[in-house]
Amino acid sequence: MWNWEFAVEALPILLRGFVNTLIATVVGTVIAAILGLILAVAIRGLPRWINWLVRLLVAFVRNTPLVVQLLFVYYAFSDIPGLVDVPALVIGFIVIGIHYSTYMSESYRAGIDSVPPGQFEAATALSLPPVRTFTAIVLPQALRATIPSLGNYAVAMFKDTPFLFAISVVELVTAAKNFGGSTFAYTEAFTLAGIIFLAASYPTSLLIQRLDRRLATY
Amino acid sequence: MPPTENTPTTASASSSPAIEFTDVEKSFGPTTVLKNLNFTVAPGERVTLIGPSGSGKTTILRLVMTLEELTDGYIFVDGQPLTFENRGGKRVELPKKRTREMTTRIGMVFQQFNLFPNMTVLENIIEAPVHVLGKSKAEASKEAKELLERVGLADKADAHPTRLSGGQQQRVAIARALAMSPEILLLDEVTSALDPELVGDVLGVLRDIAETTDITMLLVTHEMQFARDVSHRVMMFDGGQVLEEGPPDQIFNNPQHERTRSFLSSVL
């Protein structure tokens with residue numbers, strides 16, 4: 001049954017794995033947030049065929065499993081000389097970041113659409129150039145509507161990081177599995193892994209809820 | 001201001017009208033709102049547009065502010081084309097940048113205020129002077145504070161617009177428009193969204209501007225007494241056409257058209 005000795009032994013090993021989980025989540029979120037904004041905004045001005053190509057890629061990314069994307073990039077790119085040495089963790093956060101950027105771009109777009117037309121009209125009436133209108137008026141207002149949903153995607157991404165086991169990144173769950181494999185203390189290892197996940201994501205969700213309420217009013 | 005004073009007082013050097021509509025047509029899809037519209041507004045003149053809703057008054061202001069695209073015809077500001085020009089018989093759209101240079105001479109105040117909620121009152125006012133006219137923040141802020149003083153909101157510079165009443169927001173919007181030192185001010189039903197007790201403050205500010213500046217004003221309003229007091233000329237619109245026009249005394253006391261009479265009796 002439950003063995004406290006194993007649990008105590010497992011904890012530092014799991015926390016080391018958790019560091020990789022955190023790195024993948026934080027870097028992945030940054031990549032997704034930036035790329036998502038670019039997808040939502042920058043492609044508007046591009047030629048139609050590039051636009052079409054980007055939309056095809058977005059559809060592809062959204063409609064295939066994350067694991068398949070991770071495996072595809074991991075093996076396809078390991079054949080390219082010079083890329084052999086890219087650590088699996090780096091491939092992991094890039095792929096997971098691109099994956100979530102396709103979802104975050106929708107949040108950005110919804111945020112931009114939520115800015116009332118009167119704001120654009122006031123900007124025109126003041127003769128503000130389009131770039132200034134976007135950066136000073138539209139984006140700050142759109143972000144208020146977008147940030148909570150970006151936070152929710154970040155939590156979802158956090159919970160998707162165990163998929164990185166497929167490309168041999170030792171994150172929290174893989175660390176638990178390895179520990180279980182060598183000690184047969186699977187129950188202790190996975191219970192602790194679950195608790196660590198819960199301890200990190202539940203407060204984050206609460207924080208996002210509070211942020212959501214605070215951003216709702218100026 | 002006595003209603004008898006019916007001529008613009010500006011001695012403008014240029015002989016061009018402040019605003020000129022030439023054969024203007026505006027359609028929204030299959031619906032034609034304005035057709036073959038021709039009129040001019042002299043520099044310093046204050047013109048009120050009246051008429052039933054749907055008669056195209058607001059569309060006229062929005063066309064001058066380039067918030068709507070002209071379907072046909074031309075609009076000139078100070079004799080210069082605003083959005084389209086006639087180049088050898090061909091109607092050519094001006095570059096957006098050129099149009100934006102032209103619109104710096106025009107300010108607009110909206111029914112719904114449209115202040116930027118992510119900025120303070122002061123930031124709202126200095127945004128365009130700094131980023132369009134290239135003024136320094138210090139200079140723009142100093143002017144903004146003078147304008148706030150003028151609209152009676154000197155103590156609200158650092159407040160966010162959502163913390164203000166509708167009447168206060170609208171006075172900030174007026175200050176924001178004036179901060180660009182416009183030659184032309186467009187007022188689109190600026191009191192219609194306000195609680196009745198807040199209307200007076202806003203109209204008071206506008207009266208002050210009318211009395212102390214020579215800004216050309218084109219206004220759409222349901223405040224007939226105000227229109228009567230500040231305008232040099234009233235234009236009655238119906239079905240996208242000027243039904244009749246004249247000094248406020250003539251239009252309000254002795255309208256020529258039955259349509260004008262029935263419209264006035266419905267609003268007065």
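These legends describe close-up views of a predicted model.

**View 1. The two domains of chain B.** Domain 1 of chain B spans 19–105 + 182–267, and domain 2 of chain B spans 116–181. Their centres, taken over C-alpha atoms, are 25 Å apart. Each domain supplies residues to the contact: 11 residues from domain 1 of chain B and 11 residues from domain 2 of chain B.

**View 2. The side of domain 1 of chain B that touches domain 2 of chain B.** Helix H6 (residues 196–212) of chain B gives the most to this side, with four residues. By class, the side holds eight nonpolar residues, one polar and two charged.

**View 3. The contact between chain A and chain B.** Chain A brings 16 residues and chain B brings 21 residues. On the chain A side, H5 and H6 of chain A are the elements that give two or more residues. H5(A) has the largest share, six residues. The chain A side divides into nine nonpolar, five polar and two charged residues.

**View 4. Helix H5 (residues 117–125) of chain A.** The buried residues of this helix are Ala122(A), Ala123(A) and Ala125(A). They lie on the same side of H5(A), because they cover an arc of only 160° around the axis. An α-helix has 3.6 residues a turn, so residues three or four places apart point the same way. The buried residues of H5(A) pack against two elements from separate chains: helix H6 (130–160) of chain A and strand S8 (106–109) of chain B.

**View 5. After H5(A).** Ser127(A) follows H5(A). The phi of Ser127(A) is positive, near 60°.

Notes: Residues numbered from 1 in each chain as written. Chains lettered and ligands numbered in written order. Predicted model: local features only at pLDDT ≥ 70, side-chain atom pairs only at ≥ 80, totals over all residues. Domains from an automatic or database assignment. Contact = placed C-beta atoms within 7 Å. Nonpolar A, V, L, I, M, F, W, Y, C, P; charged D, E, K, R; others polar. Buried ≥ 20, exposed ≤ 12 C-beta atoms within 10 Å, placed from the backbone. Arc of directions from axis to C-beta.
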